[in-house]
Amino acid sequence: MTSAIRRVVIVEDHTAILEMMKAAVEGIPGYKVVGYAQDVAAARELCRREQPALLILDLALPRGNGLTLLPELRALSPLTRVVIFSGNLRAASIRSALLSGAHGLVEKTASLGEFEQALRAVGAGQVYFSRFASEEIRALVHRRSGGPPRIVRLTGREKSVLRAIAEGLSTKQISTQLGISRHTVANHRTRLAKKVRVRGVAQLSRYAVQIGLVDGTVEGAADAVTD
């Protein structure tokens, strides 16, 4: 039985970069580029029509900023996951991208290997931040809180659950890996969120990166935890 093809849309206005991206995407087994656009309006229509699994999005586009597309995606193509691939990753744009629901952030100075790694991770339901983006996120958290991330005492089991969440494992996978029930996993997740004062799986994953529990380059966490 063959695996499902992940349909990919690319939004990029530079032809040479677009061709490089297309070649990289289609070099990954199971990934296929089904369309590309060079501005926000064309990207909006393309996503509505194609319902891609993955959208690779530049920020600096003719007649608009790529970030303006993100809030519309939930209605246009609710299952689409987004990798921001841009030469304009600064603190403000990173913060806006995270708040708007981006699943991956990679700067255009990153290696082709890292770009492909981001596509694989996000396509598999994880969240991927390049090392540069992770450092900017840590700086943002530090500035907003006036200090380093909130440090709380975690039990060994809580650390194991938090690490598994940050690696993108589902409730069922965590249950199997740790030998505990799904109900217990869900309870740990709820208590962790209360302890570290964050909301949701993505923010728990970011916290795991901030405290050094997992590698800062990959925050493997789906937006919604699945069974």
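This report covers the fold, selected contacts and backbone features of a predicted model.

## Basis and overall make-up

Residue numbers start from 1 along each chain as its sequence is written, and side-chain values use heavy atoms, with hydrogens and water left out. Because the model is predicted, local features need pLDDT of at least 70 and side-chain atom pairs count only at pLDDT 80 or more, whereas totals for chains, interfaces and linings use all residues.

The protein chain holds 10 helices and 9 strands. Helices (H or I, at least four residues) and strands (E, at least two) are DSSP runs, numbered from the N terminus. The chain has 227 residues, and 48% of them count as buried. Buried means under 20% relative accessible area, exposed over 50%, and partly exposed in between (1.4 Å probe, protein chains only). Among contacts in the protein chain with a separation of 6 or more, 68% join residues 24 or more positions apart. Contact means heavy atoms within 4.5 Å.

## The aromatic pair

The count comes to 1 aromatic pair. The rule is this: rings of Phe, Tyr and Trp (its six-membered ring) pair if their centres lie within 6.5 Å; planes under 30 degrees apart count as stacked, over 60 as edge-to-face and the rest as tilted. Phenylalanine 85 and phenylalanine 115 have ring centres 4.5 Å apart and planes at 40°, so the pair is tilted. Phenylalanine 85 belongs to strand β6 (residues 81–86) and phenylalanine 115 to helix α5 (residues 112–123), so the pair ties together parts that are 30 residues apart in sequence.

Both partners are shielded by the cut-off above. Phenylalanine 85 counts as buried at 4% relative accessibility. Phenylalanine 115 is buried too, at 1%.

## Helix α5

The 12 residues of α5 should span 16 Å at 1.5 Å a residue, and the end C-alpha atoms are 16 Å apart, which agrees. The expected span is 1.5 Å times one less than the number of residues in the helix. Buried residues in α5 are Glu114, Phe115, Ala118, Leu119, Ala121, Val122 and Gly123. Glycine 125 follows α5 and has a positive phi, near 95°.

## Glutamate 107 and phenylalanine 132

Glutamate 107 lies in strand β7 (residues 104–107). This glutamate is buried, with a relative accessible area of 12%. Leaving aside neighbours within four places in sequence, glutamate 107 is in contact with Phe85, Ser86, Leu89, Ser130, Phe132 and Ala133. Phe85 in that list is also a member of the tilted pair. Serine 86 sits 21 residues from glutamate 107 in sequence, with 5.1 Å between their C-alpha atoms.

Phenylalanine 132 is part of helix α6 (residues 131–145). At 30% relative accessibility, phenylalanine 132 counts as partly exposed. Not counting residues up to four places away in sequence, phenylalanine 132 touches Leu89 and Glu107. Leucine 89 and phenylalanine 132 are 43 residues apart in sequence; their C-alpha atoms are 8.9 Å apart.

## Helices α8 and α9

The axes of helix α8 (residues 171–178) and helix α9 (residues 182–196) come within 9 Å and cross at roughly 105°. Axes are lines fitted to C-alpha atoms, for helices over the stretch in contact, and angles run from 0 to 180 degrees between N-to-C directions. The two helices are therefore roughly perpendicular to each other. Angles under 35 degrees count as roughly parallel, over 145 as roughly antiparallel, 65 to 115 as roughly perpendicular and the rest as oblique.

From α8, Thr171, Lys172, Ile174 and Ser175 meet Arg182, Val185 and Arg189 of α9. The residues of this contact divide into 2 nonpolar, 2 polar and 3 charged. Ala, Val, Leu, Ile, Met, Phe, Trp, Tyr, Cys and Pro count as nonpolar, Asp, Glu, Lys and Arg as charged, and the others, Gly among them, as polar.

Histidine 188 is also placed in α9. This histidine is buried, with a relative accessible area of 9%. Not counting residues up to four places away in sequence, histidine 188 touches Arg157, Glu158, Val161 and Ile180.

Glutamine 51 is not a glycine, yet has a positive phi of about 50°. Glutamine 51 is found in the loop between α2 (40–50) and β3 (54–57). At 39% relative accessibility, glutamine 51 counts as partly exposed.

Arginine 197 is not a glycine either, and its positive phi is about 60°. Arginine 197 lies in the loop between α9 and α10 (200–210). At 65% relative accessibility, arginine 197 counts as exposed.
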